[in-house]
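Here's a quick briefing on how this chain is put together. Have a look at the fold below, then read on.

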Amino acid sequence: MVKIRWICQLGSVSRMSHRVLCAPFATPAPCTLSGGRLRVNAKTPSGSGPNAASVANAFHWVRMACAICVDHARLAVLAGFAFTLSAVLCGSPAWSFSLNDTGHGGITRDALNVASVVVDGQTLKFTDRAKEEVKDANFDVDWHQFSPSFHFDNENLGTGTARINALKEDVIAQAKGGNGNAARKALGGALHTIQDFFAHSNQADGSLAVPNFGVDVLTPLPTTMATCTGTFLNPGSVLLTGAGLTSGYFIPFCQPPGGKCKHGAAICPGIAKDADTHPFHNVAYGSAVTASVRFIQSILTDSRMSSDPKAIKRLLDIRPQIGAAIDDTGSMGPVIGGVAAGVANIVNSVQGTPDEPDKYLLVRFGDPSVGQGMVFNSSASFISAVQSIVPNGGGDCPELSMSGAYNAVVAAEYDSRIFIYTDASSKDAGQLGAVANLATQKRVQLTTMLSGSCSPYDPTYFELARRTGGQVFITTRYETGATLANLIRPLVRNDVHLLFQGNLQLAGNAVVPIPVDDSVQQAIFSIGMITKGAIAVRRPNGTLVQPADAGVTITDTVGARTVTVNAPTPGSWAIEIAGTGTTLVTATAATPAYLHKFEFAKMAGRPEHEGLFPIDGFPIAGKLQAVRAVIFGSLSPSEFSFRRPDGTVISRFSMSRNNPLAANNEEFVGEVTPPDGPFFVYISGTTPGGQPFLRAVAGQSVASSVEVRFASDLVSVPAGRTTAVAFSVTNHGAATSYVLSAVDSRGFLLGGPASPVSLGPDETRTLTVNLAPPLATAPGTEFALTFTASGGTDASTNASSLLLTVDPANRDPVCSAAAASPNIIRKVNHKMTPVSIVGVTDADNDPVQITVVAISQDEPLTGDGSGNTSFDALGVGTNAPQVRAERSGQGDGRVYRIAFHAKDGKGGQYSGSVRVEVPHDNRASARETAGGVNSAVF
């Protein structure tokens, strides 16, 4: 007889034997039998701890893990060897190709590098930034592990190909409709599912045909057709000879439906080829590349695309978006004419050039109203809309400039630049963190054109520029449109990237050295300051840049100067500044070689399917964290560094190319502890031509002692329904009281989170807010939601932003015909019998996810006349329950009651139950008696 000893280790919580006390853990608990004792170890997420709710929530998972381990442990003892079962290796949601160079990252890179199309005699390919967007969208699919059609799991062949075909149509529609970012996102999502087909099916094993995705619709095999066999300990692991096209099931604890194949992994192998150790992994990889290229080419050569060259270019490239957020209150009367003229000047100057945007963005703001982002595909329509803005209302200040900026960032494309025009201080400066957080996530730079006498030196705008990599240009109220255009025009080029950004507190003179390397085609030196003195730019040979020099444009205002130099000589340039107060210095360059992004990252996913994903908000102070950098062009940095806002080095660190965790071999990966205080990230080294280079990531960061995260993978909410959105706040420092706030860009929030919240060291609190889009909200409406936790300082403040869309008004799943299959078990063999819950439909034809929440029975777990087993059910928390074919011989039979929760992924839900009978004999039915006991207890 096996003596069972349950043990759970919960961080700082002491071990407890003979009982289980567990908070929800990141992965199912592994079980180990040693010396006749079974040990179950569960890990909690970072910062979580046990409480009454978490104990109740986790208890059944530990029971299930131990239950299956008990049965297997009995066999192991009889066989005379120690047995170890890790539930995470045989019962997790869908793994697929790993998120690195041997999986989705490498496949996507290889496919996008090959894909091309000829337009007007020119061969066009995906640009580096466009490929990065497609790859990121590919990876994002893995946040939706419980959607079988996304991954071709569970023989979802028909729904998987239907998803791909629908996404192909979406790619084409978005590209033709002017939204290149949405088109690339849909393409990445489709490529992930295509690639998962080869990882999760038996296509490679049987050398079956490679489907023509985007056209073909695959038909699943009948549910009664056997495709796999296996052993008692590992069923569904061996393909049957001649088995048709199938894919593995993700059923907890290695138990697929009878005769079907298991996905499997590691010590519980199945038919999946996720890991590069699988004998058919390389075949699957090659087929995935082939199918991905074929799918991309089918889009590029589709007649709807080939007849619209702009749609093709929009998909293959990321164009700069010109965005303007304009104050339209009465005091802007003397300014608005110059603003409109400047915007028109900029837009007209880039027409027909590589810098011509795909789209234009406009937001108006004032007090008390703020407009939504208006997006224009036509430059003429955009200019007309700007010229139609008429100042109205009082000439008072301040204004709701941060709300206007937030709405602009929501509507902006990734890697955009937005220009804010105002003469007023910010009335809603408390929202600066939300704006900066979302802008950093989307890599949007915000520059303010600050005019007039209505508090022109509001530090909010300087902080916003520092946080996002923008600038502040202080102008007069009567600045001409040409002057405004000259300040901005160099910054809207498609190939302009940041060399240096410095924040100085001047009390006299300063010299800022700027290395300009041989890849730079144009250098732009911008200075914005409160009290402007003399500003000069000196060449490497010591001469000053003069307005009359060839290829030079110098633009001055009362508080700004921009110096643009075409074909600058490589070497050390210098910006010489005189003045007092806050001064922002930025040096940007038109160059094909740049630091695209630098992210603090976290490992996400499961064994064989892990990858690095960017964290929400600021990094955590004092903790070693993963970092990932993407560098384009011929730059091989010899040094990564953290620098103070004035540009001086704080510390240096290393990152490696070809790291196993990198998505592809163009990325750099490392581990660092962020410094205290505000910092910027730089790379430096020498170009292939032997010239020193310097590049920076746009935006200042600061390590924080608090972490804010969303607690779900929500991507949309239905109109006409209230949806709860959960987020967690974790304190990584000393005990602190946090003020919590939430803001959304559409006014869908029903109140804010409970605040303030006091948290001790390493304590986590989960809170919710409710979103309620009105019933009349147009489907597809985009909006953002940002949570902020503030402990009173920058180092104790953090935020997290979520981009969402509105779904059509949604109806709940229909469960009136729900039933168990089988609903009667007549062969009483004391074995576990898989049960399906059928008959659940959805009025909107949405796929329904069913989760078992409890299983009970109307007989004791053990007793005379039964098999006297220690547990009689498995599958709580999954969509695959199992019940034991057992009943007492002294009664009329047993009735199991399986309670379930059905969700359609759009807010619709329903709770119900089905029954399974194990009658006393074949001539009678079991009668359900009142009460019941938990079948999963042992």
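Among contacts in the chain (heavy atoms within 4.5 Å) between residues at least 6 apart in sequence, 74% join residues at least 24 apart. This is a predicted model, in which local features need pLDDT of at least 70 and side-chain atom pairs count only at pLDDT 80 or more, while totals for chains, interfaces and linings use all residues. Residues are numbered from 1 along each chain as its sequence is written, and side-chain values use heavy atoms, with hydrogens and water left out.

**Overall make-up**
- You'll find 16 helices and 48 strands in the chain; these are DSSP runs numbered from the N terminus, with helices being H or I of at least four residues and strands E of at least two.
- Of the chain's 938 residues, 57% count as buried, meaning under 20% relative accessible area with a 1.4 Å probe, protein chains only.
- The accessible surface comes to about 35100 Å², and 53% of that belongs to carbon and sulfur atoms (Shrake-Rupley method, 1.4 Å probe).

- 5 strands line up in the order 31-37-36-33-34 to form an open sheet with mixed pairing; two strands pair if DSSP finds at least two bridges between them.
- Strand 31 (716–718) and strand 34 (757–759) sit at the edges with a single partner strand each, so one side of each has no neighbour in the sheet.
- On average, neighbouring strands of this sheet are turned by 35 degrees against each other, direction ignored (axes are lines fitted to C-alpha atoms, for helices over the stretch in contact, and angles run from 0 to 180 degrees between N-to-C directions).
- Strand 31 pairs with strand 37 (residues 797–807) in the parallel sense over 3 bridges, and Pro 718 stands opposite Asp 807 in strand 37.
- Helix 13 (residues 401–411) packs on the sheet, touching strand 33 (736–744) and strand 36 (782–790), with its direction at about 125 degrees to that of strand 36.
- Helix 14 (residues 432–442) also packs there, touching strand 33, strand 36 and strand 37, and its direction makes about 70 degrees with that of strand 37.

**Nonpolar cores**
- The largest nonpolar core has 44 residues, and those touching the most other members include Phe 126, Leu 187 and Phe 295; such a core is a set of buried Ala, Val, Leu, Ile, Met, Phe, Trp, Tyr and Cys residues joined through side-chain atoms within 4.5 Å.
- Helix 8 (281–300) gives the most to this core, with 10 residues.
- Leaving out residues up to four places away in sequence, Phe 295 touches several residues, among them Ile 164, Leu 187 and Phe 213.
- A second, separate core of 33 residues includes Ala 340, Ile 346, Leu 362 and Phe 382.

Methods. Buried < 20%, exposed > 50% of the residue type's maximum accessible area, 1.4 Å probe, protein only.
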